[in-house]
Structures are given as structure tokens and as C-alpha cells.
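I opened a new entry for this structure.

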Amino acid sequence: MKLLFVGDVVSAAGCDFLAERIFSIKKKYSVDITVVNGENSAVGNGITRQSCNSLTMLGADVITTGNHAFKRRECVEMFDSVPHLIRPANYPEGVPGKGVYVIDKGRYRVAVVNLMGVVYMNPLKNPFFEMDDILPKLDTPNIFVDFHAEATAEKKAMGYYLAGKVTAVLGTHTHVQTADEQMIGGHTAYITDVGMTGPEESVLGVKKELAIEKQRLCYPVRFVEADTPCFINAVVVEFDEKSGRAVSIERITER
């Protein structure tokens, strides 16, 4: 089986470009399951009902998020009403939504876990302990983790910690695709960051002039989505649905 994971979709431009290419990508790689990180899919980041619906209509079986999960007020209701929309599992008890979604394909099941790192990020529950709590509750060997984190060291540590326990650990958040895809322990597919889907000539999707101004002058700048041509960063993980073992991981960049 093959799972396509699409890196952080940025704003309307990212959603539109994904709509242009997603079906040809799925056909080219014979994709069975699609997971999309949508925490920046709304204009101005965050996720809205409209952007969530757009990603769902494009065939996203699961939509993951991260530190912008609750950027929009409407998210509070959305995380309880849209089953396949998940937020980091290590948010405190009482936060709307859930951090795990299980895709039931009849003859096999796939669990998608959303986690957030704590190094240079919000002070959530320890993600390593959170995974210790989650794993025994999953009734499938096919487990994919979206680890939304800033520090590469934290992501690498999580990859090695979960080696042999999950099918894949796929990093998100930095919007820069890393060239370190690998198989850990002959079982778990790993990449530090899948990358982003949106304007390529930008700073993480923002107009480069505005990002430069903020960095140079150190005062608040209103970020605006770049209007340059888009690209798609993603990975395809092939796995054995009976054992949960990843067979391969391949990076994708579509311009």
C-alpha cells in the first residue's frame, strides 16, 4: 500500500495548486491513502471551514495541524465536528478535538497520529510520553506520525525512539523539505521535514520582501502571501499493511 503525505499547505494559492496536481500525483504513484497538513491552509494561516472542505474535496483522508490549529475561532467547533481533522495529541485535556484518526479500509486500518514538539514551541505535554500512552491503544500496526516540530534534533530523536514501533515519522512545521529521508531499523520511514505546498519564491509562503523587512528592522510587519509560482512538497511511503513495516519512502517536488 502507498500513503501520500503532503507538506504544510499554505493559503489559497497552495490549496489551488494542490487542486491542479493532486489527482495526477495520486495516479502517478498509485496512492491508496492521502494525508495533508492543513494548519496553514487558510489565508493568513490557520485552518477554516472553507480550507478544510477544500482539502477534503481533494481527497484528504486525514488533515493534520500543528501550532496554528486554533488560530481561528471557528476551529473550536470544527475539531469536534470534522472526524478526519486532527490536532496535536499532546494538547492538554479539555482541548477540543483529538490527536489520532484511524482510517478503516475494510481489510486493513491505518492510524494517523498528530504530535507537536516542545523545543522552541508551545509548552505542551511531553510528546514522547504522549506516544507511550497512545501506542498501546491502537489496534493496527499501520501507524503514521506527523511530528510538527521546530528542532531537527527533537524530530530525529522521535524518529529513533519510534523505530520499529510505527510505520513512519514525518516531520512538518519548518516548511523546508529536508533531504534526509531514510528507513530506520528496516521498519520505520523517516524524514525531518516534508516541506510545504505553496509559493516557492517566498519565505515560508510569505512575500520575501516583507520577511526581509521584519528580519532587518526587527519590528512588526503584516505578512502577506507571496504571489509567485507554487510547488508541492510531499512524500510517498510504501508499506506492508499486514505488518506495518514501511518498504520505502520517496520525496516528491512538483512545480
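Predicted model: local features only at pLDDT ≥ 70, side-chain atom pairs only at ≥ 80, totals over all residues.

**Entry 1. A buried pair**

I began with aspartate 193, which is buried at a relative accessible area of 0%. Which residue does the side chain of aspartate 193 meet in a salt bridge? I found lysine 155, with 2.8 Å from N to O.

**Entry 2. Other salt bridges**

I counted the salt bridges and got 13. I looked at two further pairs in detail.

The side chains of glutamate 77 and arginine 49 form one of them, at 2.6 Å from N to O. Glutamate 77 is partly exposed, with a relative accessible area of 44%. Arginine 49 is also partly exposed, at 30%.

The other pair is arginine 251 and glutamate 181, whose side chains meet at 2.8 Å from N to O. Here the link runs between strand β13 (residues 245-254), which holds arginine 251, and the loop between β8 (168-172) and β9 (182-184), which holds glutamate 181; the two residues are 70 residues apart. I noted arginine 251 as partly exposed at 32%, and glutamate 181 as partly exposed at 27%. I also found Glu93, Lys125 and Glu130 joined into one network by salt bridges that share partners.

**Entry 3. Listed positions**

I turned to the UniProt record. In an unreviewed entry, it lists Glu39, Asn67, His148 and His173 under "binding site". Why can these residues be said to gather at one spot? They span 135 residues in sequence, but no two of their C-alpha atoms are more than 10.3 Å apart, so they do gather at one spot. Glu39, Asn67 and His173 are also in the lining of the largest pocket.

I then followed histidine 148, which lies in strand β7 (residues 143-148). Is histidine 148 buried or exposed? I found a relative accessible area of 0%, so histidine 148 is buried. Setting aside neighbours within four places in sequence, I listed contacts of histidine 148, including Glu39, Asn67 and His173. Asp8, Asn37 and Met121 are also among them.

The largest pocket has about 670 Å³ of space. Of its 25 lining residues, Asn40, Asn45, Leu204, Val206 and Phe223 are the closest to the centre. I sorted the lining of this pocket by class and got 9 nonpolar, 11 polar and 5 charged residues.

How many cavities of 30 Å³ or more does a search of the whole structure find? I noted 1. The largest cavity has a volume of about 30 Å³. Leu18, Ile22, Thr34, Val36, Leu55, Leu58, Gly59 and Ala60 line it. Both α1 (11-28) and β3 (33-37) supply at least two residues of this lining. By class, I recorded 6 nonpolar, 2 polar and no charged residues around the largest cavity.

Conventions
Residues numbered from 1 in each chain as written. Heavy atoms only, no water. 1 Å grid on protein atoms, 1.4 Å probe; cavity = no way out; pocket = protein on both sides within 12 Å on 5 of 7 lines; lining within 4 Å. Points joined across faces, edges and corners; volume = space filled by probe spheres on them. Nonpolar A, V, L, I, M, F, W, Y, C, P; charged D, E, K, R; others polar. Salt bridge = Lys/Arg side-chain N within 4 Å of Asp/Glu carboxyl O. Buried < 20%, exposed > 50% of the residue type's maximum accessible area, 1.4 Å probe, protein only. Helix = DSSP H or I, 4+ residues; strand = E, 2+ residues; numbered from the N terminus. UniProt positions renumbered as here; feature names shortened; annotations may be inferred. Contact = heavy atoms within 4.5 Å.
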